[in-house]
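Please read the numbered points with the model open alongside.

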Amino acid sequence: MDNKDSEAEIHPLKTEDVKAQENHENSVERRIVSKQSSRLSRLSRWRTAAFFISLFLCLIIVFAFSFIIPCPERPLSERTWFRNYDNAVAYQFLAIEDVNEDKVQDVVFAFKAGNSSSSFNRSCLDEGLHSPCAFVAAVSGTNGSVLWERPAAEEVEWLQCGIKQLGGAEAPGCLVVGKPVSLTAVDLRTGEVQWRQSSDFGANYTVLTPVSVIPDVDSDGVQDLILFIATGDKIKTFIHSGKNGKQIGSAGSLNVDGKARYIRLNLDSSSYFLFYTGNSLYAYSLKDLYSAAAGMEIKLPSLEQDPQWEKNIDSTTHRLSLLSSGDIRYLAKIPGQSRENILVVSSEMATLINAQNLQTLWTLNVSRVVSEPLLGYYKPDVLGIVLESEIGPNRKKVMIVESGSGAVQWDLKLNSRVESPGPATLSTADHRSTFLIWGDYQAAGNETSSRAPLQKLYLFHPSYTNVLLELRNSTDQIIAFNAALFERSRHACYVLLRGPQPSEEPGSVSLMKRKLKEDVSESKVIWLSQVAVDSEQYVRDRLYRMRFHSRV
């Protein structure tokens, strides 16, 4: 302390300079801090302004979408609707497609009458056809109103919808195979005819269905069509342009030994057509059929042949040897892990064949199957196969078989008419399926064979293995039956087409769509065993609340 005082006394000016320098440094620091705080204050104000401007813009956008810009109206679907035609007959075709692009499925069907409905004043003469003639009609899935009607042919041999690029249009189309022989492409959206071509299939022919869509042959940018026409013990092949319907090349000929049907099997890079008769199976690659029609070998990437299959196909007769016992009744494609497998249903058993090495995966004893095998899910995400087999006069057995092992998961015996419709399935949100089955259930010990079986529609879901819901009882003749989700993952419905067939006298034809839940709420609960787990109303309520799922 003394040193500092003495230093101050000796150098008084020096001390004042130091103090002045310190004051100057402090002043500079204060100015710097003041400038930084001013900058930060301005930056903070800008940030606050930007935040409130962004918030204001967001509120404007929300307000615009909520109140000013109207939301797209969702079509209000009626629970049940009917469409009736007098003095008509119905064909056995039902297609479920979104015709008017409102994201609700619509119904396409065919009937024969002198004139169209009152909604469309169209007559057979408008298309140069004799009256009565066959009409193709599209009906709205929401309310049953007619979207379009079109006279298509004097008789309809086959109707197939959902064919992409047909006629070169962006929208899918419907192909009508008529009699006398004609092919007509109809735009699915408008009902307008894209093209019409006559063809000579010969006498006493039968069209093998469905018509197959194949890669572009004539290089016009549109995929083409291949038709198989059975005449006696021969099958003629015709390739037609999908763009204009003209025949490409000449007709090929395949030799078979009886009345044939076919399925198409897509392998990794090749495609095969399997024709089956009562006791024979034939296989032709798409390359063989192309070459026969064109009269020369065509080289396309999609026309490769599978070496393993070619080893098992007789090069002369094209017979394919698969293990089977009895007459072949059905062939069906069953999805596998890497590719589709083949289900061979004979008069005595069902056999699943590995499509890669043609080896047997499993066999199941089942006799006289009466309907096409159907796919569904009894266990979550475990594919099953529905088989209906005849077990006696007016009696059938319904089985759900696991596709991977061939094990029977569930079965039911019913009385059944010969003309009874086949089953249908709808995927549910629990990764299983709802099964719709036609028949007449009678409890064990109460079977009566004196009266003709009734036509009753039953619902079965694997969550209740001992319960059937009786949905409806129909005394009318059912021409066609189908079930579908009319909106994505919702609005489960079934469609009934009833009335006389073309071989019968004209009468009243009725097309009906019915929402499944409407029948569930009014259904009759049938216990398949004596043990009732829940009350009947609880079962109805639970199945009424069941949600559905559209599988990709």
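1. A disulfide joins Cys124 to Cys133, with an S to S distance of 2.1 Å. The model is a predicted one, and the values in this note are to be read accordingly. The link of Cys124 and Cys133 is left-handed, with -95 degrees about the S-S bond. Cys124 counts as buried at 1% relative accessibility, and Cys133 is buried at 0%.

2. A search of the whole structure finds two disulfides. Besides the link already described, Cys161 and Cys174 form a disulfide, their sulfur atoms 2.1 Å apart. This link is right-handed, with 110 degrees about the S-S bond. The pair links distant parts of the chain: Cys161 belongs to strand S5 (residues 155–163) and Cys174 to strand S6 (residues 173–179), 13 residues apart. Both Cys161 and Cys174 are buried. With bonded cysteines counted along the chain, the disulfides follow the pattern 1-2, 3-4.

3. Cys58 is partly exposed, at 46% relative accessibility, whereas Cys493 is buried, at 1%.

4. The aromatic residues deserve a separate point. A search of the whole structure finds 19 aromatic pairs. One of them is formed by Phe228 and Phe275, whose ring centres are 5.0 Å apart; their planes stand at 80 degrees, so the pair is edge-to-face. Phe228 lies in strand S10 (residues 224–231) and Phe275 in strand S14 (residues 271–276), so that distant parts of the chain, 47 residues apart, are linked. Phe228 is buried, with a relative accessible area of 1%, and the value for Phe275, also buried, is 1%.

5. Another pair is that of Phe435 and Phe460, with ring centres 6.1 Å apart and planes at 40 degrees, so this pair is tilted. Phe435 lies in strand S25 (residues 433–439) and Phe460 in strand S26 (residues 455–460); the pair therefore ties together parts that are 25 residues apart in sequence. Phe435 and Phe460 are both buried.

6. Ring pairs also link Phe228, Tyr262, Phe273, Phe275 and Tyr284 into a cluster.

7. Lys179 lies over the face of Tyr205, 5.3 Å from the ring centre. Arg551 lies over the face of Tyr377, at 3.7 Å from the ring centre.

8. Finally, strands S22 (residues 395–402) and S23 (residues 408–415) run antiparallel and are joined by seven bridges. Lys397 has Lys413 in S23 as its bridge partner. S22 and S23 form a hairpin with five residues between them, and Gly406 in the turn has a positive phi of about 85 degrees.

Notes
Residues are numbered from 1 along each chain as its sequence is written. This is a predicted model: local features need pLDDT of at least 70, side-chain atom pairs count only at pLDDT 80 or more; totals for chains, interfaces and linings use all residues. Side-chain values use heavy atoms; hydrogens and water are left out. Two strands pair if DSSP finds at least two bridges between them. Helices (H or I, at least four residues) and strands (E, at least two) are DSSP runs, numbered from the N terminus. Rings of Phe, Tyr and Trp (its six-membered ring) pair if their centres lie within 6.5 Å; planes under 30 degrees apart count as stacked, over 60 as edge-to-face and the rest as tilted. Buried means under 20% relative accessible area, exposed over 50%, partly exposed in between (1.4 Å probe, protein chains only). A charge sits over a ring if NZ of Lys or CZ of Arg is within 6 Å of the ring centre and within 35 degrees of the ring normal. A disulfide is a pair of cysteine sulfur atoms within 2.5 Å.
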